[in-house]
Amino acid sequence: MFLILDFTTTFNIAVLEKNNISKKELNAKNNTSEILIDEIDRFFNKLKKNINKINSIYIITGPGSFTGVRSALTFVKTLSLIKKIKIFGL
């Protein structure tokens, strides 16, 4: 399972698993860093997926919102260190 994050202009989360993609878009321009973890958690709960099943994470690094990208990178790097997940920047 792959997690794809794009916080450059809007809040986009996608999960790709076995040729099936699920995605969520949220317009949260000012408080991305505050809602990031909660929204990802809600998204996984709605899909009934376990975040521990992620093999790798793809993150869009720009151009776009500096704060949004930095918040997402911090979250992804932390998750990578804890869960030993590969990260790829796009």
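The dialogue below discusses the strands of this model and some of their residues.

Tutor: This is a predicted model, in which local features need pLDDT of at least 70 and side-chain atom pairs count only at pLDDT 80 or more, while totals for chains, interfaces and linings use all residues. Residues are numbered from 1 along each chain as its sequence is written, and side-chain values use heavy atoms, with hydrogens and water left out.

Student: In what order do the 5 strands lie in the sheet?

Tutor: Strands of a sheet pair through backbone hydrogen bonds, either parallel or antiparallel. Helices (H or I, at least four residues) and strands (E, at least two) are DSSP runs, numbered from the N terminus, and two strands pair if DSSP finds at least two bridges between them. Here the order is β3-β2-β1-β4-β5, an open sheet with mixed pairing. At the edges are β3 (20-26) and β5 (86-89), each of which pairs on one side only.

Student: In which sense does β1 pair with β2, and in which sense with β4?

Tutor: With β2 (residues 11-17), β1 pairs in the antiparallel sense over 5 bridges, and a hairpin of 4 residues joins the two. Within this pairing, Leu-3 stands opposite Val-15, and Ile-4 has Ala-14 as its bridge partner. With β4, β1 pairs in the parallel sense, also over 5 bridges; there Asp-6 stands opposite Ile-60.

Student: Which residues of β1 lie on its covered face, and which on its uncovered face?

Tutor: In a regular strand the side chains alternate between the two faces of the sheet. In β1, Leu-3 and Leu-5 form the covered face, whereas Phe-2, Ile-4 and Asp-6 form the uncovered one. Helix α2 (residues 66-83) lies across β1, β4 (56-60) and β5.

Student: Is Ser-56 buried or exposed?

Tutor: Buried means under 20% relative accessible area, exposed over 50%, and partly exposed in between (1.4 Å probe, protein chains only). Ser-56, a residue of β4, is buried because its relative accessible area is 4%. Contact means heavy atoms within 4.5 Å. Leaving aside neighbours within four places in sequence, Ser-56 is in contact with Met-1, Phe-2, Leu-3, Ile-85, Lys-86 and Phe-88.

Student: Why does Phe-2 count as partly exposed?

Tutor: Phe-2, found in β1 (residues 2-6), counts as partly exposed because its relative accessibility is 31%.

Terms used. Axes are lines fitted to C-alpha atoms, for helices over the stretch in contact, and angles run from 0 to 180 degrees between N-to-C directions.
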